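Q: I'd like to learn how to read cavities and helix packing. Could you walk me through them?

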Amino acid sequence: MKEPLRLLRTRLLGCYERTPKMEKLRDVFGQMLNVDLIQMTLSNSRDADRAGKIKIRPVLLKGEILFQETTYRGTQVFHKNYTGGELLPRLTEYMETLFKQAELKGKREEATVLVGKKGTVTVKRKKCPEGESKADTNAGSLSHNRTKRYILQEGQPVDFLIGLGVQTPDGKIAKARYDKFRQINRYLEFIEDVLDRLPSDRTLRIVDFGCGKSYLTFAMYYYLHRLQGRDIRVTGLDLKKDVIEHCNRLAKELHYQGLQFEQGDIQSYGGADAVDMVVSLHACDKATDYALEKAVKWGARVIMAVPCCQHELNGQIRCDILQPVLQYGLIKERISALITDALRADLLERQGYHVQILEFIDMEHTPKNLMIRAVKEKGTEKPSKSMMPVKRNCDIDEVAEFLHVAPALKKLLEKE
């Protein structure tokens with residue numbers, strides 16, 4: 001048998017020894033496993049070596065509705081298709097032995113399943129207001145190689161997208177804003193991936209540095225508060241007074257009570273003592289370093305930064321060995337930018353973060369589209385310079401010495 005023995009045992013026992021907990025899990029999964037399902041996400045794993053996360057979505061193969069199970073294990077991703085009858089006991093077993101949380105999203109209904117330390121099962125369900133009228137539109141988009149399914153879908157009106165001119169009132173994407181629509185959805189996918197690392201038992205505090213026109217700030221609020229039901233408080237900060245006034249006016253019109261905007265600069269901002277998530281998108285040059293330093297100081301659980309205009313190291317970098325390469329201005333500029341972000345990532349690793357550098361869709365299609373996403377490692381709530389092995393600390397210093405550079409973030413963190 002290819003399947004684990006415990007899965008076989010679960011299938012057999014499911015017929016004869018169903019506990020109340022198992023019945024509760026089977027009921028909610030059984031009711032959501034149909035053509036109206038958009039996606040399920042099982043997260044908060046107890047054993048990352050077995051699976052860090054699993055996603056389920058319906059697919060149409062040879063005229064039959066199946067459910068594709070996508071398993072994320074480290075850097076590997078595995079896909080397998082099951083019928084609803086085959087998948088149901090698997091989902092029950094996963095929640096009993098592996099995952100603590102499941103998010104289920106359908107056209108008609110959404111549900112959240114939480115499994116406590118003592119095996120208690122909590123299910124929260126809510127009806128989708130527009131589900132009845134749009135339920136049947138899912139069947140035509142289930143092909144195995146279908147077009148990408150976005151978190152915010154074209155044809156479904158979203159208030160902030162309409163307010164910002166991305167959508168028309170009937171849900172169509174404005175032709176000149178389609179790149180922005182894709183960017184917003186990509187951004188929400190990055191947040192979705194780390195959702196289980198953000199607190200769900202209290203108000204979630206978020207600061208967005210250099211928010212600008214705030215397309216992504218509004219998207220983040222809508223996703224976390226409206227779609228995920230989180231109690232959140234978001235502050236957007238920017239230098240431009242007219243932009244801040246416009247964003248506050250729109251937030252008020254949309255009744256986004258937990259979203260506010262303030263005028264100010266990142267370096268001197270002191271409007272919070274503790275923050276769960278820090279966002280900094282296209283903050284210019286050392287402004288990104290100030291944002292990262294504040295995030296570390298606050299002990300933020302999640303950091304998402306898209307740096308811009310990394311001029312600092314371009315003016316410092318000197319290396320005789322690399323001089324044949326660095327003599328070309330454009331090459332030097334791009335190398336300096338990449339080294340700046342790599343050192344930023346390493347410095348965050350020192351502070352107890354797991355860091356990824358990801359490709360972020362930029363609506364201007366410029367090379368400045370790298371995102372630094374850092375997630376606080378469990379058990380490292382307070383920053384410490386001694387968290388990483390001594391050799392790793394020396395590696396960063398050796399690189400800086402080799403290139404004759406002194407990154408702003410390194411100096412800021414050492415000052416702290």
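Q: Which residues line the largest cavity?

A: Some background comes first: this is a predicted model, where local features need pLDDT of at least 70, side-chain atom pairs count only at pLDDT 80 or more, and totals for chains, interfaces and linings use all residues. Residues are numbered from 1 along each chain as its sequence is written, and side-chain values use heavy atoms, leaving out hydrogens and water. Rolling a probe the size of a water molecule over the atoms shows where empty space is left. A cavity is a set of points, on a 1 Å grid over the protein atoms alone, where a 1.4 Å probe fits but cannot get out; lining residues have an atom within 4 Å of a point. Here the lining of the largest cavity is made of Asp289, Glu312, Thr340, Leu343, Arg344, Leu347, Pro407, Ala408 and Leu409. Two or more of these residues come from each of α11 (329–350) and α13 (408–415), with α11 giving the largest share, four residues. Helices are DSSP runs (H or I, at least four residues), numbered from the N terminus.

Q: What volume does the largest cavity have?

A: A volume is the space filled by probe spheres set on the grid points, which are joined across faces, edges and corners. For the largest cavity that comes to about 40 Å³, and the structure holds one cavity of 30 Å³ or more.

Q: How many residues of each class are in that lining?

A: Ala, Val, Leu, Ile, Met, Phe, Trp, Tyr, Cys and Pro count as nonpolar, Asp, Glu, Lys and Arg as charged, and the others, Gly among them, as polar. The lining has five nonpolar, one polar and three charged residues.

Q: At what angle do α9 and α13 pack?

A: Axes are lines fitted to C-alpha atoms over the stretch in contact, and angles run from 0 to 180 degrees between N-to-C directions. Helix α9 (residues 287–298) packs on α13 at about 30°, with the axes 9 Å apart. That makes the pair roughly parallel, a label for angles under 35 degrees.

Q: Which residues of α9 and α13 meet?

A: Contact means heavy atoms within 4.5 Å. Asp289, Tyr290, Leu292, Glu293 and Val296 of α9 touch Ala408, Leu409, Leu412 and Leu413 of α13. By class, this contact has seven nonpolar, no polar and two charged residues. Asp289, Ala408 and Leu409 also line the largest cavity.

Technical notes:
On a 1 Å grid over the protein atoms alone, a cavity is a set of points where a 1.4 Å probe fits but cannot get out, and a pocket is an open set with protein on both sides within 12 Å along at least five of seven lines; lining residues have an atom within 4 Å of a point. Angles under 35 degrees count as roughly parallel, over 145 as roughly antiparallel, 65 to 115 as roughly perpendicular and the rest as oblique.
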